[in-house]
Amino acid sequence: MADSFKDRYAEHMVGRNGGDAISRVCLIVAIVLVVLSFFCVGINPFLYVLVLLLGIAAAVYAALRMNSRDVAARQAENEAFMGVFQRFGSREDEQAEAARKERRARREQRARERAEREAQQDYDYEDQQAPEPEPEPEPAAAPEKVTVTCDNCGQHLRVPAGKGNIKVRCPKCQNVFQLFT
């Protein structure tokens, strides 16, 4: 069922204008006006009807634009519409383009400075001697361990020697006891 509806709709839209910027703006305006009209019910019934009719008119105009077969005329209207709004957004576009150019110039400057530093550091690698490797530190001796038995369950535990008075917890029975090593 859904596929047949999609196919029929696709066949219907062949050779028609379809959605463009003007129709999208008209649909948004229609939705806003219809929602706004509900707030006008308690204020003034005439205002409610007026705002609702304007919203419906905007939706109908959008539908007529989308179903129009005069695609060239609708595209010309859409281009003129976009030209008007591009003038509003041109200041932000110019600022963004200026910021991009400035970032690009800074990147190029850093690359030039890096290349100059590398050119100044002209090493003669044949005359350089390899640095002597640093001696590796000897690993610290592992502390000695002593084996003790848990008072509660008899589990044999290994604990570090020479730590003095320590608390030991048996992993098997969770018994905690004091031990002097």
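Gln174 is partly exposed, at 43% relative accessibility, where buried means under 20% relative accessible area, exposed over 50% and partly exposed in between (1.4 Å probe, protein chains only). The residue lies in the loop between strand 3 and strand 4. Its phi is positive, about 65°, although Gln174 is not a glycine. The hairpin of strand 3 and strand 4 has six residues between the strands.

The model is a predicted one, in which local features need pLDDT of at least 70 and side-chain atom pairs count only at pLDDT 80 or more, while totals for chains, interfaces and linings use all residues. Residues are numbered from 1 along each chain as its sequence is written, and side-chain values use heavy atoms, with hydrogens and water left out.

The protein chain contains four helices and four strands; helices (H or I, at least four residues) and strands (E, at least two) are DSSP runs, numbered from the N terminus. The order of these elements from the N terminus is α-α-α-α-β-β-β-β. Of the 181 residues of the chain, 18% count as buried. Among contacts in the protein chain with a separation of 6 or more, 40% are between residues 24 or more positions apart. Contact here means heavy atoms within 4.5 Å.

Helix 2 (residues 21-40) includes Ser23. The helix has 20 residues and reaches 28 Å from its first C-alpha to its last, close to the 28 Å expected at 1.5 Å a residue; the expected span is 1.5 Å times one less than the number of residues. Buried residues in helix 2 are Ala21, Ile22, Ser23, Cys26, Ala30, Leu33, Ser37 and Cys40. An α-helix has 3.6 residues a turn, so residues three or four places apart point the same way. Ser23 has a relative accessibility of 1% and counts as buried, and Cys26 is likewise buried, with a relative accessible area of 14%. Apart from neighbours within four places in sequence, Ser23 is in contact with Gly18, Ala62, Arg65 and Met66.

Ala59 is placed in helix 3 (residues 45-67) and is partly exposed, with a relative accessible area of 28%. Residues up to four places away in sequence not counted, Ala59 touches Leu27 and Ala30. The C-alpha atoms of Ala59 and Ser23 are separated by 8.4 Å, the two residues being 36 residues apart along the chain. Helix 4 (residues 71-120) holds Gln75, which is partly exposed at a relative accessible area of 44%. Between the C-alpha atoms of Gln75 and Asn17, 58 residues apart along the chain, the separation is 7.9 Å.

The largest nonpolar core has nine residues in all: Val148, Cys150, Leu157, Val159, Ile166, Val168, Cys170, Phe177 and Leu179. A nonpolar core is a set of buried Ala, Val, Leu, Ile, Met, Phe, Trp, Tyr and Cys residues joined through side-chain atoms within 4.5 Å. At least two residues of this core come from each of strand 2 (156-160), strand 3 (165-169) and strand 4 (176-180). In soluble globular proteins, nonpolar side chains tend to be buried together. Leu157 touches Val146, Thr147, Val148, Val168, Cys170, Pro171 and Phe177, not counting residues up to four places away in sequence.

Strand 3 and strand 4 run antiparallel and are joined by five bridges; two strands pair if DSSP finds at least two bridges between them. Lys167 has Gln178 as its bridge partner in strand 4. The covered face of strand 3 consists of Ile166 and Val168, and the uncovered face of Asn165, Lys167 and Arg169. In strand 4, Phe177 and Leu179 form the covered face, whereas Val176, Gln178 and Phe180 form the uncovered one.

The structure holds zero disulfides, a disulfide being a pair of cysteine sulfur atoms within 2.5 Å. The sulfur of Cys170 has its closest cysteine sulfur in Cys153, at 3.7 Å, which is too far for a bond. Cys170 is buried, with a relative accessible area of 0%.
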